[in-house]
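Please open the model in your viewer and keep the selection panel at hand. The tour begins at the ligand and then moves out to a few loops.

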Amino acid sequence: MSGLRIAPSLLSADFARLGEEVTAVIEAGADLIHFDVMDNHYVPNLTVGPLVCQAIKPHATVPIDVHLMVKPVDALIPMFANAGASIISFHPEASEHIDRTLQLIRSHGVKAGLVLNPATPLNVLDHVLEQLDLVLLMSVNPGFGGQRFIESALPKIEAVRRRIDACGRDIWLEVDGGVNADNADRVAAAGADTLVAGSAVFTGGRYADSIRTLRERALAGRAQTLAHESSHA
Ligand code: DX5
Ligand code: ZN
């Protein structure tokens, strides 16, 4: 399994001071900037587009992780690639031709991810896993920050971890929604290596403390799993 990354979601940042917020969470230890794009069609909420991605790019000294909650997706991909996205993920329900959309992302030299909602079955990964750089598992229904973590995400994380390990490629396993200091250990123990956190980072204002706590909890959870595995080896 590759490193352990914390990806603050800008959805919970102060949008009037977005550049400063990006700088602040990076100084506080963020490994990625998670950028939630919502279109009031695929999801009920409406957020930001490529212009805002481009505007934060000079402040983002870590990769920008674009999570597209839009339908259709293809037209936005070149726009976000040109706006500085390092990773672009989309929901399979939002694309008519998943393989084509993945190829489109990769043709721009951007890493490609597929996002699974809480009720999306894992078989959407069957024929595309080898083309992915990232699997993003939703642990809330997409559309809003600050929702409660859905516990059935945990066995799903374990199942995707097994698939990724069997595939043998360095595919990141990211979890998004309701991740906080109370569940980060279980999320990482189940096999996630990248934790999105919006409200858990931005609420309260102590970004460095929040990110450090999430990382410590996640590393503790991972260590438990590794110890368990080696005792059963
Ligand atoms: C939800 C978004 C998430 C959200 C996470 O649709 O994809 O990235 O901002 O926020 P929290 O961590 O508050 O659940
Ligand atoms: Zn997201």
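Select ligand 1 and the residues around it: by class, this shell holds eight nonpolar, ten polar and two charged residues, where Ala, Val, Leu, Ile, Met, Phe, Trp, Tyr, Cys and Pro count as nonpolar, Asp, Glu, Lys and Arg as charged, and the others, Gly among them, as polar. This is a predicted model, in which local features need pLDDT of at least 70 and side-chain atom pairs count only at pLDDT 80 or more, while totals for chains, interfaces and linings use all residues. Residues are numbered from 1 along each chain as its sequence is written, chains are lettered from A and ligands numbered from 1 in the order in which they are written, and side-chain values use heavy atoms, with hydrogens and water left out.

Of the 20 residues around ligand 1, those that come nearest are D36, D176, G178, G198 and S199; a residue counts as near if one of its heavy atoms lies within 4 Å of the molecule. Now colour by secondary structure, with helices (H or I, at least four residues) and strands (E, at least two) taken as DSSP runs and numbered from the N terminus. The strands β2 (33–38), β3 (64–69) and β8 (194–197) each supply at least two residues of the shell, and β2, with three residues, gives the largest share.

Next, display the distances from the ligand's oxygen atoms. A polar side-chain atom of S199 lies 2.5 Å from an oxygen atom of ligand 1, a polar side-chain atom of S9 lies 2.8 Å from one, and a polar backbone atom of G143 is likewise 2.8 Å from an oxygen atom of the ligand. Taken alone, ligand 1 exposes 380 Å², of which the protein buries 100%, the accessible areas coming from the Shrake-Rupley method with a 1.4 Å probe.

Is N40 buried, partly exposed or exposed? N40 counts as partly exposed because its relative accessibility is 49%, and the class covers values between buried (under 20%) and exposed (over 50%), with a 1.4 Å probe and protein chains only.

Move on to P72, in the loop between β3 and α3 (76–82), where the peptide bond from K71 to P72 is cis, with omega near -5°.

Finish at E96, in the loop between β4 (87–90) and α4 (98–107); E96 counts as exposed, at 72% relative accessibility. The C-alpha atoms of E96 and D74, 22 residues apart along the chain, are separated by 9.4 Å.

How values were computed:
A polar contact is a pair of N or O atoms within 3.5 Å; within protein, one must be able to donate a hydrogen and the other to accept it, and residues adjacent in sequence count only if both atoms are side-chain atoms.
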